[in-house]
Amino acid sequence: MNYELLCSKVIAITRLTGNFIRKEAMAFDSNAIEYKGLNDLVSYVDKNAEKLLVKNLTKLIPDAGFITEEETVNTKGKTYTWIIDPLDGTTNFIHGIPTYSISIALYEEEKPVIGVVYEINRGEMFFTFKGGAAYLNNKEIRVSESTNLSQCLLATGFPYYQFDKQAQYIQLFTDMMQKCHGLRRIGSAAVDLAYVACGRFDAYFEYNLNSYDVAAGAYLVQQAGGRIMNFAGGDEFLETREVLATNSKITDEILTTIKKYFD
């Protein structure tokens, strides 16, 4: 498999889908939304974007499986599986807030080999592939060099359901805010992770995430020299649905803080 060539084809497909989303955003009616669950929104744009991605990615690897947010297709691949979020940041999109992205990861025998995150409105294409580095619009990127939390800008997300952990999460926010330059909540986990990969954020943490939210961004962070783990410091971040992404140098300090509130 020529991963670099395949990644370039995925990028072209992602741009095509991004053009569709950008066009739809110009005339989007916020009444055209559905609720998958409490505060869990979806629109025809998400669904049609996903269908477009699936159609074109299938041409690249016909026997690959798919894990998709909108479940327009759900097939198990023998060797390869695409993990895609056609519109990460749907709530932002619906409300006209210009931070949302497309997230595409390819796994080969349960290991990532391609990761693409496209921040649509800024036209920023983050990508990586097995055997390569991590890139932003063809320029190599690396995680930050910060060595302690007092130097850091952090990113997080707010829970919009499963509020049983809300109290301890707010305690964690309070603790973190007193130790760093600040906390940011952009509203797209894929973008948060891409920003860690390129050094804009020094770390990102959030719980209650799905594989399609983080698979591509997590691989970007790893390929850019960072670390990905769950709140216990383990590798099973997809299974536990907890993600901590760091630049490696502040891992121990931030993980110690998180463990005070999440066992």
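**View 1. Glu242 sits in strand S14 (residues 242-246).** Strands here are DSSP runs of E, at least two residues long, and helices are runs of H or I, at least four, numbered from the N terminus. This is a predicted model, in which local features need pLDDT of at least 70, side-chain atom pairs count only at pLDDT 80 or more, and totals for chains, interfaces and linings use all residues. Residues are numbered from 1 along each chain as its sequence is written, and side-chain values use heavy atoms, with hydrogens and water left out. Glu242 is buried but has no salt bridge. Its nearest side chain of opposite charge, Lys165, is 4.2 Å away. Buried means under 20% relative accessible area, exposed over 50%, partly exposed in between (1.4 Å probe, protein chains only). A salt bridge needs a side-chain nitrogen of Lys or Arg within 4 Å of a carboxyl oxygen of Asp or Glu. For charge, Lys and Arg count as positive, Asp and Glu as negative; His and the chain ends are not counted.

**View 2. Surroundings of Glu242.** A polar atom of the Glu242 side chain lies 3.2 Å from the backbone nitrogen of Phe231. Beyond four places in sequence, the contacts of Glu242 (heavy atoms within 4.5 Å) include Lys165, Glu206, Tyr207 and Phe237.

**View 3. An open sheet of five strands.** The order is S11-S10-S12-S14-S13, with mixed pairing. Strands S11 (182-184) and S13 (227-229) are the edges, each pairing on one side only. From one strand to the next, the twist averages 20°. Two strands pair if DSSP finds at least two bridges between them. S13 and S14 are antiparallel, over three bridges. Arg227 has Thr246 in S14 as its bridge partner.

**View 4. Helices H5 and H6 lie across S13 and S14.** Helix H6 (residues 211-223) runs at about 140° to S13. Axes are lines fitted to C-alpha atoms, for helices over the stretch in contact; angles run from 0 to 180 degrees between N-to-C directions.

**View 5. Glu124 bridges to Arg122 and Arg200.** The N to O distance is 3.3 Å for Arg122 and 2.8 Å for Arg200. Glu124 lies in strand S7 and Arg200 in the loop between H5 and S12, so the pair ties together parts 76 residues apart in sequence. Glu124 is buried at 8%, Arg200 is partly exposed at 33%, and Arg122 is exposed at 53%.

Methods: A polar contact is a pair of N or O atoms within 3.5 Å; within protein, one must be able to donate a hydrogen and the other to accept it, and residues adjacent in sequence count only if both atoms are side-chain atoms.
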